[in-house]
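Reader: I would like to go through the labels attached to this model and check each one against its cut-off. Please show the sequence and structure before we start.

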Amino acid sequence: MKAVGRFIVLDGPSGVGKTTVASRLCARLRDGGWAVHPTKEPSRTKLGDLARHGTDEYRGLTLACMVTADRYYHLEAEVRPAVAAGKVVVSDRYLATSLVLQRLDGVSPEFIWTINRYADRPDLVIILTGDPIRSRDRAAVRGIHSRFHRGGVEAGHIENELYGQVANELTAAAWPVHRHDVSDQTPDEVVSALWPQVLPLLP
Ligand SMILES: Nc1ncnc2c1ncn2[C@@H]1O[C@H](COP(=O)(O)OP(=O)(O)O)[C@@H](O)[C@H]1O
Ligand SMILES: Cc1cn([C@H]2C[C@H](O)[C@@H](COP(=O)(O)OP(=O)(O)O)O2)c(=O)[nH]c1=O
């Protein structure tokens, strides 16, 4: 029988807890016996690093095209082969990030959708939202390297709101979206709250 895995993405504002929750979710999947492939966007490649660390130099349309080129490479080189090998791929950031950050950078949603037209639709898109003050504080403690995340709490509010809007936009485009407000939950509590969405999808 051909092995087919799953593609799950976690998205949301900086500091909301994506990386932490993704890592705990992967641990829970591994404990349950599933083969897991944790990954992230921008990808861990030269192109991905250029985008991640280049947000001061590259802006607007240029950055939109760079992160999308990285997304296609990530899909081709990493996500699709892992899914084909029966793994559960968990990506920290994906298209929702572009729909939020590139829009904040002045790029139209139409253009972002158009260039992402061939990006695979995941089996589940988890959008985490939370208190912007808390997220900003956590991101600051961890360390910020992106132009988008240097704005204060007001910018955090806008980013959080936009993720909510983008969750609706993706749902309208028939993407399977689950939005979760992390509130004051611990990372393990967040994973437990998400588990009922994840479990029925698993191979
Ligand atoms: N639910 C949580 N409660 C308390 N601290 C958290 C929680 N989630 C994440 N953190 C902490 O906040 C910081 C940012 O979390 P991280 O997972 O890197 O966020 P993101 O990937 O969304 O930017 C990290 O230091 C992490 O340990
Ligand atoms: C995936 C993605 C990243 N980026 C850029 C800007 C982000 O700040 C940066 C990656 O985010 P990063 O700062 O690594 O995220 P976090 O704060 O959650 O750890 O890459 C985009 O502009 N668009 C995208 O679609």
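Reader: Why is C26 called buried?

Author: The relative accessible area of C26 is 2%. Buried means under 20% relative accessible area, exposed means over 50%, and partly exposed lies in between, with a 1.4 Å probe and protein chains only. C26 is therefore buried.

Reader: What conventions and confidence limits apply here?

Author: This is a predicted model, in which local features need pLDDT of at least 70 and side-chain atom pairs count only at pLDDT 80 or more, while totals for chains, interfaces and linings use all residues. Residues are numbered from 1 along each chain as its sequence is written, chains are lettered from A and ligands numbered from 1 in the order in which they are written, and side-chain values use heavy atoms, with hydrogens and water left out.

Reader: What makes C65 partly exposed?

Author: The relative accessibility of C65 is 37%, so C65 counts as partly exposed.

Reader: How many disulfides does the structure hold?

Author: The structure holds 0 disulfides. The term requires a pair of cysteine sulfur atoms within 2.5 Å.

Reader: Why are α3 and α4 called roughly antiparallel?

Author: Helix α3 covers residues 60–84 and helix α4 covers residues 95–104; they pack at an angle of about 175 degrees, with axes 11 Å apart. Axes are lines fitted to C-alpha atoms, for helices over the stretch in contact, and angles run from 0 to 180 degrees between N-to-C directions. Angles under 35 degrees count as roughly parallel, over 145 as roughly antiparallel, 65 to 115 as roughly perpendicular and the rest as oblique. The two helices, α3 and α4, are therefore roughly antiparallel. Helices (H or I, at least four residues) and strands (E, at least two) are DSSP runs, numbered from the N terminus.

Reader: Which residues meet where α3 packs on α4?

Author: From α3 come L63, A64, V67 and R71, and from α4 come L95, S98 and Q102. By class, this contact of α3 with α4 has 4 nonpolar, 2 polar and 1 charged residues. Ala, Val, Leu, Ile, Met, Phe, Trp, Tyr, Cys and Pro count as nonpolar, Asp, Glu, Lys and Arg as charged, and the others, Gly among them, as polar. Contact means heavy atoms within 4.5 Å.

Reader: What makes G15 buried, and where is G15 found?

Author: G15 has a relative accessible area of 9%, so G15 is buried. G15 is found in the loop between β1 (6–11) and α1 (18–31). Not counting residues up to four places away in sequence, G15 touches S135, R138, A139 and R142. G15 and G143 are 128 residues apart in sequence, with their C-alpha atoms 9.6 Å apart in space.

Reader: Is S135 buried or exposed?

Author: S135 has a relative accessible area of 5%, so S135 is buried. S135 is found in helix α6, residues 132–142. Leaving aside neighbours within four places in sequence, S135 is in contact with S14, G15 and V16.

Reader: What sets A174 and S183 apart in their backbone?

Author: A174 is not a glycine, yet has a positive phi of about 70 degrees. S183 is also a residue other than glycine, and its phi is positive, near 50 degrees. Most residues other than glycine have a negative phi, and most peptide bonds are trans. A174 lies in the loop between α7 (153–172) and β5 (177–181), and S183 in the loop between β5 and α8 (187–198). A174 is partly exposed, at 49% relative accessible area, and S183 is partly exposed, at 38%.

Reader: Which peptide bond is cis?

Author: The bond from E41 to P42 is cis, with omega near -10 degrees. P42 is found in the loop between β2 (36–40) and α2 (46–53).

Reader: How do you know that P203 is partly exposed, and what does P203 touch?

Author: P203 has a relative accessible area of 44%, so P203 is partly exposed. P203 lies in the segment after α8. Apart from residues up to four places away in sequence, P203 touches V4, G5, R6, W34, G86 and V88.
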